[in-house]
Amino acid sequence: MDTILNKEIQNYINANLNTDLHALLLKKSPFPEVSMQEIVQQIKGKQVAGRKFPFLLKEGILFPPQLNLEQSSSEKTALYKSGILKGNTFIDLTSGFGVDAYYLSQNFKSITLVEQDTTLLELVEHNWKILNRQARFINLKLEDFLNETQEYFDLIYLDPARRDQQKNKVFLLEDLSPDILEIQEKLRAISGQVVIKLSPLIDLKYLVSVLPGISRIDIIALKNDVKEVIVFLSDENTDKVICNCVNLDSGEPAFTFKFGEEETARSEYSEPEKYIYIPNNAILKAGTFNLISQKFGLKKLHPNSHLYTLNKEDKNFPGRVLEMEMIDSKGIKKKEQYNIISKNYPLKPEEIKKKYALKDGGNDYLIFTQSKKGKIILKSV
Ligand SMILES: C[S@@+](CC[C@H](N)C(=O)[O-])C[C@H]1O[C@@H](n2cnc3c(N)ncnc32)[C@H](O)[C@@H]1O
């Protein structure tokens, strides 16, 4: 493992950070002691780290194969989670490349990492020495660890792996490794707080119905892209699930509600007024379509549009608020640049762009949608 850290090899890696990796893979390694594949793995690692976890762009850090990089959390979402979790004893039962573990462990005194993949765990152990972070590293299947342990932990964290990479439509807890439903009782017996990261594809109603004792769910978006659903299991009996929708790096406030509140919330309807409100994607994922309008006193354009309107601008709204006017299609000039939004409208943004010969981007918006009276087009003013 240490051979690749040889100075000359590292210089070669750093000199090729922007090289076409497919072309590089066809070449022979200039160093007999490492293969080109191993070199490319490190280059890829540094490229991904630049975008996803820049704290690892340090001399001496080693990177695992691409799948492990893809499965890792980003520095930004890990940092958010570390801000809400603290205590004395922490265990990450699915530590993987250890990005979550690194950030979560900041607020704990005793840290344990469990991982079934021996090579990956050795690599993380090496990296944590470079990062000067102490931990106990356990190379076991977590089920075996759970069967043996007599310890109690203030926080257990799990970020299960997807068993079948193809199954990205249907998303069930049984498809995960480990199967949370099978080990939940044991987890609760040895910890007061169990926190589980799940994919944004999980259906929240299904989740609450199959997993008892959920006290909180955080839906985490980063720049309006929903990245994680975080579930908190509590050992106290609770019939209320608090749901937090956050959009990191947006400056937007979090939106918090009690799961189930949506069932009794009602929306009023209106044709477009001066401002159009577009909730962020964490809120849309939570499905609080009526509650959001009720809480902010907004009127909805159409039952299926999830766009709202008001004559006033509310800067505390968790989403975009745009001043807009209704136009007819003749008001759209060819070759102009717009951010095109299509909601509850027969054409997709790409088709609209083609139909009206528009360019993507810029500061102006065009929204194609429906109000209760029918199809409408809105343009930012
Ligand atoms: C999604 S990754 C974790 C990524 C990690 N949270 C991070 O930020 O880098 C899941 C990891 O759990 C490990 N894993 C899955 N099932 C396991 C089991 N039954 N016992 C131990 N480790 C397991 C996998 O090998 C994989 O490395």
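I began with a charge beside a ring: the charged end of K372 sits over the ring of Y269, 4.0 Å from its centre. I note that the model is a predicted one.

I looked for another case of this kind. The charged end of R133 lies over the ring of Y102, and its distance from the ring centre is 4.1 Å. Y102 also belongs to an aromatic cluster, together with F55, Y103, W128 and F137. For the structure I recorded 16 aromatic pairs. I remind myself that a pair of aromatic rings is described by the distance of the centres and the angle of the planes.

Next I turned to helix α7, which runs over residues 118-130. I noted 13 residues and a reach of 19 Å from the first C-alpha to the last, close to the expected 18 Å. At the start of the helix, a side-chain oxygen of D117 comes to within 3.2 Å of the backbone nitrogen of T119. After α7 comes N132, and I found its phi to be positive, near 65°.

Which residues of α7 are buried? I listed L120, L121, L123, V124, H126, N127 and W128. I then asked what the buried residues of α7 pack against. The partners are the helices α4 (66-71) and α6 (99-104) and the strands β2 (110-114) and β3 (136-138).

Last, I looked at the chain as a whole. It is divided into domain 1 (2-53), domain 2 (70-258) and domain 3 (263-380). I recorded 46 Å between the centres of domain 1 and domain 3, taken over C-alpha atoms.

Technical notes:
Residues are numbered from 1 along each chain as its sequence is written. This is a predicted model: local features need pLDDT of at least 70, side-chain atom pairs count only at pLDDT 80 or more; totals for chains, interfaces and linings use all residues. Side-chain values use heavy atoms; hydrogens and water are left out. Domain bounds come from an automatic or database domain assignment. Rings of Phe, Tyr and Trp (its six-membered ring) pair if their centres lie within 6.5 Å; planes under 30 degrees apart count as stacked, over 60 as edge-to-face and the rest as tilted. A charge sits over a ring if NZ of Lys or CZ of Arg is within 6 Å of the ring centre and within 35 degrees of the ring normal. Helices (H or I, at least four residues) and strands (E, at least two) are DSSP runs, numbered from the N terminus. The expected span of a helix is 1.5 Å times one less than its number of residues. Buried means under 20% relative accessible area, exposed over 50%, partly exposed in between (1.4 Å probe, protein chains only). Contact means heavy atoms within 4.5 Å. A polar contact is a pair of N or O atoms within 3.5 Å; within protein, one must be able to donate a hydrogen and the other to accept it, and residues adjacent in sequence count only if both atoms are side-chain atoms.
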